[in-house]
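I'm going through one structure today and jotting down what I look up.

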Amino acid sequence: MLSVVIVGGLHADARKAAVERLLADVPGSVVLHHDLATAAAGTVVRTIRDTSGILAAGEAPLVDDCACCALREDLVPELLRLADDGLTRLAVVELWDSVEPKAMAEVVTAGGLTVTGVITAVDPALVLPYLGNGDDLAERGLAAATTDQRTVADTFARQLEYAPVLAVADSEEADDEDRELLAQLHPTARQVPIAHGDPADPEPGARADAQATARSPLAAAALAGFDVEAAAAAQHPACALLPTEADAHGVSTLVWHRCRPFHPERLYEALEDITCAAARSRGRFWLADKPDVLLHWDAAGGALCVESAGPWLASLPDAAWEMVPPVRRAAAAMDWHPEHGDCCQHLVFTSPALDRDGLERLLEHCLLTDTEYAAGRDAWKRLPPAFDTLLEV
């Protein structure tokens, strides 16, 4: 049966090193890559190669002027063809720079294929520069469609945080602060070191597949198994596996949890200062004028994305709970308040030189005062709706 591993990341040199390692270490593997840089010419170029070189090449036309849509439609048929030939053990899907692994993992799984691993390749020396880069992908020639409005920072953050395995380049420029930042941003990830040099040849006389998998941690990670539904749940703001408190090598992670809603105007006025206080921040938050709505906070590169993630469970009738995934119910139970249920502030900020005390004071200032809080929900809902423009209400 064909196994599929997805390797992505904006750090192209690290990504290519990881792909070459897998190609050399897993006998019967091929690399499938769609080059979206050719989209301006109206097509996406597809190549399939193994250790000997290019096995096949072709083009896929754009779909609705979207290179990423062309990739979605072309990827599964090519993988099914590889599965049918019976000769390929592992298909390494090397994503083009700005393509996010979550979407492709879900496409491959929906096509009836087995994703056994998702890996994001990272150069630790580039983590902070990329997290701080607020440029639009289009400005860097990395947009996957004419309507692509993502930035370098938010794209890199999602690539990094979705993958359970990080292939970490052996970078001479990286220092302890860089490595600590990477560890705090994604503390549950398995980090596998990779070198930029050529992978070693298998030992002669050994059984190739068993020996290679045992010898190569990256190969083992590629074949270990991957749960698409669990990975999606781990990114959902209601039940995300957020980083925990940490402070080392000049890098800090602040976990801020409160059971009182924000005053919409005071929070809105403080958004720029809060967003720029950390290289990366994310989580869920609670606005007084929208007390039943779980809101998603997602900030990187000095830019903030705020969106509704549906209702808090506390606002749902009991009968509706049966329709909620168990992981969501479990996450709510951990934050459950006797009066407000799962409604809360749960925001996480990670950055070098983080001013924890100043940030906490700013966040506390944005909460309802005792008097405002005591006025109750009906009064909260009459507060000025400062976030309606951001939420496109």
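**Cysteines.** I looked for disulfides, meaning pairs of cysteine sulfur atoms within 2.5 Å, and the structure holds zero. Before going on, I note that this is a predicted model, where local features need pLDDT of at least 70, side-chain atom pairs count only at pLDDT 80 or more, and totals for chains, interfaces and linings use all residues. Residues are numbered from 1 along each chain as its sequence is written, and side-chain values use heavy atoms, with hydrogens and water left out.

C305 comes out partly exposed, at 38%. C69 is partly exposed too, with 26%.

**Core.** I find 58 residues in it, and L36 and L79 have the most contacts inside it. Helix α2, residues 67–85, gives the largest share, eight residues. (Helices are DSSP runs of H or I, at least four residues, and strands are runs of E, at least two, numbered from the N terminus.)

Which residues does L36 touch? Contact means heavy atoms within 4.5 Å. Leaving aside neighbours within four places in sequence, I list V44, A67, C68, L71, W96, V99 and A144 for L36.

**Cavities.** A cavity is a set of points on a 1 Å grid over the protein atoms alone where a 1.4 Å probe fits but cannot get out, and lining residues have an atom within 4 Å of a point. Points are joined across faces, edges and corners, and the volume is the space filled by probe spheres set on them. I count two cavities of 30 Å³ or more.

The largest cavity has about 60 Å³ of space. Its lining includes R284, W312 and D342, and helix α11 (residues 326–334) gives the largest share, three residues. I sort this lining into six nonpolar, no polar and four charged residues. (Ala, Val, Leu, Ile, Met, Phe, Trp, Tyr, Cys and Pro count as nonpolar, Asp, Glu, Lys and Arg as charged, and the others, Gly among them, as polar.)

The second largest cavity has about 40 Å³. Among its lining residues I see E161, P243 and F349.

Notes: A nonpolar core is a set of buried Ala, Val, Leu, Ile, Met, Phe, Trp, Tyr and Cys residues joined through side-chain atoms within 4.5 Å. Buried means under 20% relative accessible area, exposed over 50%, partly exposed in between (1.4 Å probe, protein chains only). On a 1 Å grid over the protein atoms alone, a cavity is a set of points where a 1.4 Å probe fits but cannot get out, and a pocket is an open set with protein on both sides within 12 Å along at least five of seven lines; lining residues have an atom within 4 Å of a point.
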